[in-house]
There are 2 protein chains.
Amino acid sequence: MFYNFQMKNLVNILLAYINKSLKRSSKVLDFHYPHQLKEGLEGFSLELPDQPDNLEQLLVDCRDTLKYGVKTGHPRFFNQLSTGLDIIGLAGEWLTSTANTNMFTYEISPVFILMEEVVLRKMHSIIGWPEEDGDGIFCPGGTMSNLYSVLLARFHLFPVVKTHGMSAIPRLALFTSAHVHNLIIFTQINTTFWFLSVRGKMISSELNSSIETAKSKGLVPFYVNATAGTTVYGAFDPLNEIADICKHHGLWMHVDAAWGGGLLLSNKHRVKLQGIERAHSVTWNPHKMMGVPLQCSTILVKKKGLLQECNQLCAEYLFQPDKHYDVSYDTGDKSIQCGRHVDVFKLWLMWKAKGSEGFEAQINHCLENAEYLYYKLKRRSDFQLVFKGKPEHSNVCFWYLPKRLQSILPSPERDRELHMVAPKIKTKMMEEGFTMIGYQPLEDKVNFFRCVFSNPATQREDVDFLIDEIVRLGCEL
Amino acid sequence: MFYNFQMKNLVNILLAYINKSLKRSSKVLDFHYPHQLKEGLEGFSLELPDQPDNLEQLLVDCRDTLKYGVKTGHPRFFNQLSTGLDIIGLAGEWLTSTANTNMFTYEISPVFILMEEVVLRKMHSIIGWPEEDGDGIFCPGGTMSNLYSVLLARFHLFPVVKTHGMSAIPRLALFTSAHVHNLIIFTQINTTFWFLSVRGKMISSELNSSIETAKSKGLVPFYVNATAGTTVYGAFDPLNEIADICKHHGLWMHVDAAWGGGLLLSNKHRVKLQGIERAHSVTWNPHKMMGVPLQCSTILVKKKGLLQECNQLCAEYLFQPDKHYDVSYDTGDKSIQCGRHVDVFKLWLMWKAKGSEGFEAQINHCLENAEYLYYKLKRRSDFQLVFKGKPEHSNVCFWYLPKRLQSILPSPERDRELHMVAPKIKTKMMEEGFTMIGYQPLEDKVNFFRCVFSNPATQREDVDFLIDEIVRLGCEL
């Protein structure tokens, strides 16, 4: 069949790309500025035609799309929390897109719906919730997961909000640390924020007094977001202390473990999330620390049935109650979405392929890489760690000091200079394309590099390479 | 390489599945009840192991996952708005998952970011917005697109909501028709609904008086959602009339064209969306009428810059302003998500492969199928159309009357009997597996079938088959 032939050609292009992505001798990226790509490089035109292009041209376009992209699976790509290219996860995603269905009902997704149940139950048990508890749903990313948790908490406290809206309930107060990730949407649906942290960690005594302050101002505290693994520092909030406070004040405790959740699979590292079993809801993104291809994110809820109560519309035109199978398997009423992409299968398949033990080994390996980098940098005078202590997660934050800054004592002038070092190195790094790492300022700290490890293909030699590359590109700055 | 070999085996399984999906002689599904699948059929176990399974077993699992699923690409699958299996779209999705990146920044998605810009600009011009206007973003499904539109409208009217929350602004009123799709989340973030429709269409004179009523009650009307293609009837609201009213009252006009947007590509059918160019925002899901694999949904906004103003957090730890390229290409601040899946590439590739003319032909074909079914049913006494007029979209709604009901005059008793016909036929239909069509009650109408056409592989013989199959399964009921 004609199409089979074309698809096999495409598969050869994709497999060649995968092999290249995994090779250290390949570049991570071949950088071009937006205007260069827009002008069309060697016949690669982005414009959309009225008449069809021929299929040979499409294959060339596919090759070019990959060529000018960034190899996020490369062992020397350290730029984001989601890295790596798990071949089994990829196989899962290819199957998912071939099945091309929707997590709407058991009717059209019987196998995936059951897999979702199995995987969520496994995640509940790993969190440590009793077997009779636990509900949840896969949704498109951590922001959505966190949004679910706020909707649930609000509905749990004030069910009237569902029928009568925000004007029927008092002004609520939500509490979270300053280093919070993925909370963007909250700014628009809630009323109050309280920021309290040191080194990216929530200070529980301050949380308590802030709750009292909010009450004294006539606000109704209802929700605390504890973070397990912040984006930049990889910090973990003290979950047990926060759980005590939530219990005392009767507040909903949510744990955003989008980034840190993976550590629950490690016997060595799960201690950092102690107390998570006391949360009412948890965000956990397997597409981060577990290396599952994007998108794969969950909201896990302790209390059964609440998701459905909160979100269902009883729209019979969508979900017919008179079907011949047990319609409790139709997940559409739990979801705020109508169409919902199948995100579970790749994770299910990876779990089959690795076993829980495989995930544990892979996560331990990533944290070992972080520790290796930490100890290397600690010994050097041309690098300065942002924090003295060993990293809790796989985030390592540091400044590089070019020769001329090494001898200057810390001062506002030195900081101004230092602030420009990381962007300059990053520019050269992207133009040369051998590795990629992110940088950012945070609070009073000028631009520093943040290295994160979530790709199990990364080895110590890649960490060494990163350091050498930063020095090579930056020493004369 | 070992993995290449495994991936090629998987590809063979997937290609065999695709070929089977397209064959009329294959079943659409091999139905099993949840308990059957959970107990494990012929060694297909859903449970997750601690130790790895072997790779041969994984391939068997992949084959079984497809075997027990539903072939949504089959020409006789009429169950959902999203059907079909476009092979080029699929190729696009395989490449996307191989690239495994995030629409966060130009830095990590240079090509996809530019493709998004090109495709959105094309969609703006098809809507009919002036070239200097137009902004937008791909997001995970129509509910999210509609959510964006409400956030934008609210922010546009009351920018203070971003920093001071809902309690700082008056009680708002939102207007929409009763047959609205994907509006679930709105119930939780807004205050008031007004439902007005006949045959699924908003009545504009009633809209006007409802706005006056809302004002007299002290509410602030701010947003009208017009639907272009309702879920069940495929009805189109009168967009120009609604635009006049919105203009008169100074309201934000949103058009939910999730389902109907595809018709804009047809010179014959785009007249049904006349006035859409006057909207402030539009939801348009290419994963519905354009046959793009799930998920592929857009929110299109007339006013440039508003998305960013509304949603940006100026989080330097996420988006560094001191990068070496033009950071206006970083889309992260437009989005309420942090991670954002690449949904544009498959659409871009399909557009290259078909051209705009190819989409037009495919959409016209789907509407021709609907008309063919409509005229066939109109001539028969054992079927009854829910509405007399020709369908506007590809939705055809009808009852089947088994022999014993054909001779009974309409009455509450007959309705009670008729209500049970569609579920009974659907049960048999799924157990036998040769075709699939959905049913639902709506308002005062008892369970009726809704046939929708969005799969270009569907031909008249498949429509004939559907009718015969309903008669075969239902005539003795």
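Colleague: What covers the buried residues of helix 14 of chain B?

Modeller: Keep in mind that this is a predicted model. The cover includes strand 8 (383–385), strand 9 (396–400), helix 13 (403–406), strand 10 (436–442), strand 11 (445–451) and helix 15 (460–474) of chain B.

Colleague: And which residues of helix 14 of chain B are the buried ones?

Modeller: They are B:R414, B:L418, B:V421, B:A422, B:P423, B:I425, B:K426, B:T427, B:M429 and B:M430.

Colleague: How many residues does helix 14 of chain B have, and how far does it reach?

Modeller: Helix 14 of chain B runs over residues 412–432, so to speak, 21 residues, and spans 31 Å from its first C-alpha to its last. That's close to the 30 Å expected at 1.5 Å a residue.

Colleague: What follows helix 14 of chain B?

Modeller: B:G433 does, and its phi is positive, near 85 degrees.

Colleague: OK, over to chain A. Which residues are buried in helix 14 there?

Modeller: In helix 14 of chain A the buried ones are A:R414, A:L418, A:V421, A:A422, A:P423, A:I425, A:K426, A:T427, A:M429 and A:M430. They pack against strand 8 (383–385), strand 9 (396–400), helix 13 (403–406), strand 10, strand 11 and helix 15 of chain A.

Colleague: What about the span of helix 14 of chain A, and the residue just after it?

Modeller: Helix 14 of chain A has 21 residues and reaches 31 Å from first C-alpha to last, close to the expected 30 Å. Just after helix 14 of chain A comes A:G433, with a positive phi of about 85 degrees.

Colleague: New topic: positive phi. Which residue of chain A has a positive phi although it is not a glycine?

Modeller: A:E443 is one, with phi at about 50 degrees. You'll find A:E443 in the loop between strand 10 (436–442) and strand 11 (445–451) of chain A.

Colleague: Is A:E443 buried or exposed?

Modeller: Exposed, because its relative accessible area is 54% and the cut-off for exposed is over 50%.

Colleague: And what is phi for B:E443?

Modeller: Phi of B:E443 is near 50 degrees, a positive value in a residue other than glycine. B:E443 lies in the loop between strand 10 and strand 11 of chain B, and at 55% relative accessibility it counts as exposed.

Colleague: Now the peptide bonds. Where in chain A is there a cis one?

Modeller: A cis peptide bond joins A:L294 and A:Q295, with omega about -5 degrees. A:Q295 sits in the loop between strand 6 (281–284) and strand 7 (297–301) of chain A.

Colleague: What about the bond from B:L294 to B:Q295, cis or trans?

Modeller: Cis, with omega near -10 degrees. B:Q295 is in the loop between strand 6 (281–284) and strand 7 (297–301) of chain B.

Colleague: Let's do helix pairs. How do helix 9 and helix 10 of chain B cross?

Modeller: The axes of helix 9 (residues 204–216) and helix 10 (residues 239–249) of chain B come within 9 Å and cross at roughly 25 degrees. Angles under 35 degrees count as roughly parallel, so helix 9 and helix 10 of chain B are roughly parallel to each other. The crossing of helix 9 of chain B with helix 10 of chain B is right-handed.

Colleague: Which residues of helix 9 and helix 10 of chain B meet?

Modeller: From helix 9 of chain B it's B:S204, B:L207, B:N208, B:I211, B:E212 and B:K215, and from helix 10 of chain B it's B:E241, B:I242, B:I245 and B:H249. By class, that contact between helix 9 and helix 10 of chain B has four nonpolar, three polar and three charged residues.

Colleague: And at what angle do helix 12 and helix 15 of chain A pack?

Modeller: At about 40 degrees, with the axes of helix 12 (residues 344–378) and helix 15 (residues 460–474) of chain A 10 Å apart. Helix 12 and helix 15 of chain A are therefore oblique to each other.

Colleague: Last one: what does B:R24 touch?

Modeller: Leaving out residues up to four places away in sequence, B:R24 touches B:H74, B:P75, B:R76, B:A457, B:Q459, B:E461 and B:D462. B:R24 and B:E461 are 437 residues apart in sequence and 9.9 Å apart in space, C-alpha to C-alpha.

How values were computed:
Residues numbered from 1 in each chain as written. Chains lettered and ligands numbered in written order. Predicted model: local features only at pLDDT ≥ 70, side-chain atom pairs only at ≥ 80, totals over all residues. Heavy atoms only, no water. Helix = DSSP H or I, 4+ residues; strand = E, 2+ residues; numbered from the N terminus. Expected span 1.5 Å × (residues − 1). Buried < 20%, exposed > 50% of the residue type's maximum accessible area, 1.4 Å probe, protein only. Contact = heavy atoms within 4.5 Å. Axes fitted to C-alpha atoms, helices over the stretch in contact; angles between N-to-C directions. Parallel < 35°, antiparallel > 145°, perpendicular 65-115°, else oblique. Left-handed = near helix turned anticlockwise from the far one by under 90°. Nonpolar A, V, L, I, M, F, W, Y, C, P; charged D, E, K, R; others polar.
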